Amino acid sequence: MKKIFLLLAVMFVASAVEAQELSQPRKVENLTINDINGNPTTLPQFGEKNLLIFYVDPDSYLKGGANKKLSDALEENGRAAGPAIRGFGVMNFPDTGLPKNMVRNMARKRAAKNGATILDDDQQLLKKAWGLGDCNNKFVIMIVTKEGELVYCAKDDLDDAGVENFYKVVDKYRN
């Protein structure tokens, strides 16, 4: 009976994360993962600023898709920038079939080009600790408040209405 209850609870959390703006924000913790050079690090400015996190399977990044286009647009137009928000990327390595050294080199070049912070979750610690469920072939967009609450999570490509909803949510946290 306990196993059935636990399974149902896990399924509920996974389905709740599939939503975009979460009706029930939930606490998440800062984690130690690696930077793109393999050095242990925590999530930058966790607890100090609101975080805009792109949790990306490198396969999904190379395919493109609506969430990558949104990420690229944000880089160009700065619409999610503000004094109270920090954006960065986290690579979800275990779900990729690509050579890790190639992906890390691409990430290093991108970081050198645009000053981006890119981290490497080579053990899916973030995915597991935050209960994100299946992130294979996903370009996940999340917002975590400086109080440590996950308030937004989009795992599937956003359509036009989803992009507008994203902007409404991010506007609450950037200033």
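**Exercise 1.** What pLDDT does the protein chain average, and what percentage of the residues score at least 70?

*Solution.* The model is predicted. Its protein chain has an average pLDDT of 85, and 87% of the residues reach at least 70. By element, the lowest mean pLDDT, 40, belongs to helix α1 (residues 2-18), and the highest, 97, to strand β3 (residues 40-42). Across residues 1-19 the pLDDT is below 50; this stretch has 14 contacts in the model beyond near neighbours in sequence.

**Exercise 2.** Describe the make-up of the chain.

*Solution.* Begin with the elements: the protein chain holds six helices and eight strands. Their order along the sequence is α-β-β-β-β-α-α-β-α-β-α-β-β-α. Next, take the contacts between residues at least 6 apart in sequence: 75% of these join residues at least 24 apart. Of the 175 residues, 43% are buried. The accessible surface is about 9300 Å², with 54% of that area belonging to carbon and sulfur atoms.

**Exercise 3.** Is Lys-68 buried or exposed?

*Solution.* Locate Lys-68 in helix α3 (residues 66-77). Its relative accessible area is 16%. Buried means under 20%, so Lys-68 is buried. Leaving out residues up to four places away in sequence, Lys-68 touches Tyr-61 and Phe-139.

Key
Residues numbered from 1 in each chain as written. Predicted model: local features only at pLDDT ≥ 70, side-chain atom pairs only at ≥ 80, totals over all residues. Heavy atoms only, no water. pLDDT = per-residue confidence, 0-100. Helix = DSSP H or I, 4+ residues; strand = E, 2+ residues; numbered from the N terminus. Contact = heavy atoms within 4.5 Å. Buried < 20%, exposed > 50% of the residue type's maximum accessible area, 1.4 Å probe, protein only. Areas by Shrake-Rupley, 256 points an atom, 1.4 Å probe, with all protein chains shown as cover.
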